[in-house]
Amino acid sequence: MIYETLSDERLCIRDSVVLLGLKGISVTFMACCELLSFRKLWTNKHQSCLCFRQTGCNHPIRPIAMTTSAPIRFRVFSLNCWGIRYLSKNCKERFVLIGDLLSLEQLDIVLLQEVWCEKDFLFLKKKLSSVSPYSHYFKSGFIGSGLAVFSRHRIHDAFLYRYSLNGYPYMAQHGDWFGGKAVGKVLLNISGLKVHIFITHLHAEYCREKDSYLPHRMVQAWELQQFIRHTSAGADVVILGGDLNMHPDDLGTRLLRNYTGLQDSFSETANFDGCEEGHTHISENPFTNTDGLVPFGGGVRIDYILFKGSGEVDVSCESLSTTKGPVPGHPFPYSDHEALTAEFLFTPTTKGNGCSERQSGCVSDKLPELVNAVNEARTEVKVGLHCTERMRHTAARTGIMGLVLLVLELAIAAVPLFALGTEQPFPKASFYLLGALCFAVLLSTLMLYVFYSMEVKALQGTEDQMRLAISSFQEQLKESPKVLSSDHL
């Protein structure tokens, strides 16, 4: 690592032995040194030697990036596999085809969603062992998170964060609650670069006009950006891939991108090859319900690969492609979603294109837009909070009615005990059936009350966090007249 000072004649370095090889400089002591000579050495390879002497000065030391390192190409693949065993059409055959595709592609990282069955993950793990020897399966919820990662590079660490809200257990036909939606993270080290990879799958949108899950998806988007920001400090490269179930201009997408500084590979790529407008959910797909896609011209883009660099690494998206309908030679596609493949170029530089803790002013340029997005998100969360409180009150009232009926029935049952010789006024079968019904109503409403209380607290917590963020942003706006003036122009 090279260190620079204000002096052009002296070079501050750490350590005393310095060898200049083909890939940079290694250093071994902390001192401020003066360059004495530059000469060639003949060893097994041609090398250059820099000779220094200690100066004894106390210059401020600031690390700068090596610009001599060669750029690194990094290929990312993302696909929602729709892998519900015994329910998804051609599930077993499609996983075989997905494995064949991944075996042929020269991929660095593979991000798969909706791999609900661990047997399918183990099948792919065995099939890809030669090209992607490292893998991780994120387990969460009753049937799992469905998130799986395969990597050509060693995975040094992995972590899963489960979203606090994820649908309703009584909406079994949707099944999101049982899946345990979450965001997974793996850490890679690519030629000395710290690459943080995130994979997620947010709650589905079943009806855009009456989207009862919008508050849940908003909370998930908020927790996703919080998780990325708070866990990627010090990262050289950040990549997020997955099915966000949100359109590019939706509130959740804007909140995620503006808050984290992540860039959309579709918008930033130099070359694109795929479906029109980058759509990943198209009406031509035989597995897709086309009714919901008609208002959008037959396709939407809800799957993404987002990225950002840092102050030390510039990241550019060289190309992006999607699959296009059926697999060649087969009557069906890989999934009900189209796959994404992005190729990135990591270039060490002193001025990267991403936000990091080392670039405190990076987000300030988007503060007005970010304040608006958080305000809108807070409004949606408040609407969801109001609806949830009403449902909790309804559950409480219904439970009280069930309790009253159960108490009355117990009182009627106790009459023969205090009035000797008096027979039961109701037939026993009807009496017991009514009692079981009252008990079932009481138990179910109690469970619903507990569930809605948990949802209320999660929504209230998110709303409080958003309120604090807006207050902080407003203070920053007051201290940044340049941002204010640019917003009014």
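**A tour of rings and a cavity**

Start by selecting Tyr163: this tyrosine is buried, with a relative accessible area of 4%. Keep in mind that you are looking at a predicted model.

Tyr161 comes out as partly exposed, at 29% relative accessibility. Show both side chains and turn the view until you can see the two rings. How are the rings of Tyr161 and Tyr163 arranged? A pair of aromatic rings is described by the distance of the centres and the angle of the planes. For Tyr161 and Tyr163, the centres sit 6.4 Å apart and the planes meet at 80°; edge-to-face means over 60 degrees, so this pair is edge-to-face.

For your next stop, select Tyr168, Tyr170, Tyr206, Tyr213, Phe451 and Tyr452, a cluster linked by ring pairs.

Colour by element of secondary structure next. Which helix and which strand each supply at least two residues of this lining? They are helix H6 (265-268) and strand E20 (303-308). E20 gives the largest share, three residues.

Finish by colouring the lining of the largest cavity by residue class: you'll get six nonpolar, three polar and three charged residues.

Key: Residues are numbered from 1 along each chain as its sequence is written. This is a predicted model: local features need pLDDT of at least 70, side-chain atom pairs count only at pLDDT 80 or more; totals for chains, interfaces and linings use all residues. Side-chain values use heavy atoms; hydrogens and water are left out. Rings of Phe, Tyr and Trp (its six-membered ring) pair if their centres lie within 6.5 Å; planes under 30 degrees apart count as stacked, over 60 as edge-to-face and the rest as tilted. Buried means under 20% relative accessible area, exposed over 50%, partly exposed in between (1.4 Å probe, protein chains only). Helices (H or I, at least four residues) and strands (E, at least two) are DSSP runs, numbered from the N terminus. Ala, Val, Leu, Ile, Met, Phe, Trp, Tyr, Cys and Pro count as nonpolar, Asp, Glu, Lys and Arg as charged, and the others, Gly among them, as polar.
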